[in-house]
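This briefing is intended for a reader who has the sequence and the coordinates at hand. It should be read alongside the display below.

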Amino acid sequence: RRHVLEASQQLTEIINSDTGTKSPEPSGEAEPADEEDSAPHCLWVDKFTPRRYMELLSDDYTNRCLLKWLKLWDTVVFGKEKAVKKAKPSAEAHPPFSQPKEQQNKWKTKVQLTEEILEAELDQHKRPKYKVALLCGPPGLGKTTLAHVIARHAGYNAVEMNASDDRSPEVFKTRIEAATQMKSVLGANEKPNCLIIDEIDGAPAASINVLLNIIHRKDVEGEAAAGTGRRRRREGGLLLRPIICICNDQ
């Protein structure tokens, strides 16, 4: 280790003094040290962060519930009617026995019950009843990583913003509307955005009210203007993109 550090220091001095025409011996010895020296520039949390859904080490129940909730937006975002229709008969086909409903629910797993609850709570526009998902837990649990991996897995372009940075409610509102209504034009295959709001517990009360007003106001407008889905989609009056919020203190 001492020899490697000495070789690394020699290489650093050579680079700083701009005399790269020295004997090749120190550079030859410093090649492995150069590779080791470049490794600390990449944090391990970034180097070994999960890239796919199967690489997640967080709670499987939480992962499945968040993915299920996000996939419920497919009808509105991607126009996939079959994805939602396939899940309903499978949930209804579980109780073939002539038993009371309470008794049948006892034998269902927690995941099955949660999926049935999520599917049952769809509004008239076939969106989930709850437009915002909240991930809470201590720092380092993997909440932000989970949100990004799930969003990419479901076919979205993850757009992250920090609620504690944008203290102004006007800026907060502008960024939310830009992420949920505008399309990404940075590529041939443009993907819909999934807004991830980090540190939502650090946002002021005015920003929280802005987020709630956007959701409730658009829901009221959507119910009042039923039957004109395409026109509402062009105007952007209805929330058509999922929002995932992350906090430490619930």
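The model is predicted. The largest pocket holds about 590 Å³ of space, and the second largest pocket holds about 390 Å³.

**Largest pocket**

- The lining of the largest pocket comprises 26 residues, of which T49, G142, K143, T144 and T145 are the closest to the centre of the pocket.
- Two or more lining residues come from each of helix 3 (44–47), helix 9 (143–153) and strand 4 (243–247).
- Helix 9 contributes the largest share of this lining, namely 7 residues.
- Sorted by class, the lining of the largest pocket contains 11 nonpolar, 8 polar and 7 charged residues.

**Second largest pocket and helix 4**

- The second largest pocket is lined by 14 residues, and those closest to its centre are C65, L66, W69, T114 and L118.
- At least two residues of this lining are supplied by each of helix 4 (60–71), helix 8 (110–120) and strand 1 (132–136).
- Helix 4 gives the most to the lining of the second largest pocket, with 5 residues.
- The lining of the second largest pocket divides into 11 nonpolar residues, 2 polar residues and 1 charged residue.
- Helix 4 consists of 12 residues, and the distance from its first C-alpha to its last is 16 Å, close to the 16 Å expected at 1.5 Å a residue.
- The buried residues of helix 4 include C65, L66 and W69, which are also among the residues closest to the centre of the second largest pocket.
- N63, L67, K68 and L70 of helix 4 are likewise buried.

- Strand 1 and strand 4 are paired in the parallel sense over 5 bridges, and C136 has C247 in strand 4 as its bridge partner.
- Strand 3 (residues 193–198) runs parallel to strand 4 and is joined to strand 4 by 3 bridges.
- Opposite I197 stands C245 of strand 4, while I196 stands opposite I244 of strand 4.

**Burial of strand 4**

- Strand 4 is mostly covered, with 5 of its 5 residues buried.
- I243, C245 and C247 point one way from strand 4, whereas I244 and I246 point the other way.
- Residues on both of these sides of strand 4 are buried.
- Strand 4 is also one of the elements that give two or more residues to the lining of the largest pocket.

**Loop residue E199**

- E199 is located in the loop between strand 3 and helix 11 (205–224).
- Although E199 is not a glycine, its phi is positive, at about 55 degrees.
- The relative accessible area of E199 is 35%, so E199 is classed as partly exposed, a class that lies between under 20% for buried and over 50% for exposed.

How values were computed:
Residues are numbered from 1 along each chain as its sequence is written. This is a predicted model: local features need pLDDT of at least 70, side-chain atom pairs count only at pLDDT 80 or more; totals for chains, interfaces and linings use all residues. Side-chain values use heavy atoms; hydrogens and water are left out. On a 1 Å grid over the protein atoms alone, a cavity is a set of points where a 1.4 Å probe fits but cannot get out, and a pocket is an open set with protein on both sides within 12 Å along at least five of seven lines; lining residues have an atom within 4 Å of a point. Grid points are joined across faces, edges and corners, and a volume is the space filled by probe spheres set on the points. Helices (H or I, at least four residues) and strands (E, at least two) are DSSP runs, numbered from the N terminus. Ala, Val, Leu, Ile, Met, Phe, Trp, Tyr, Cys and Pro count as nonpolar, Asp, Glu, Lys and Arg as charged, and the others, Gly among them, as polar. The expected span of a helix is 1.5 Å times one less than its number of residues. Buried means under 20% relative accessible area, exposed over 50%, partly exposed in between (1.4 Å probe, protein chains only). Two strands pair if DSSP finds at least two bridges between them.
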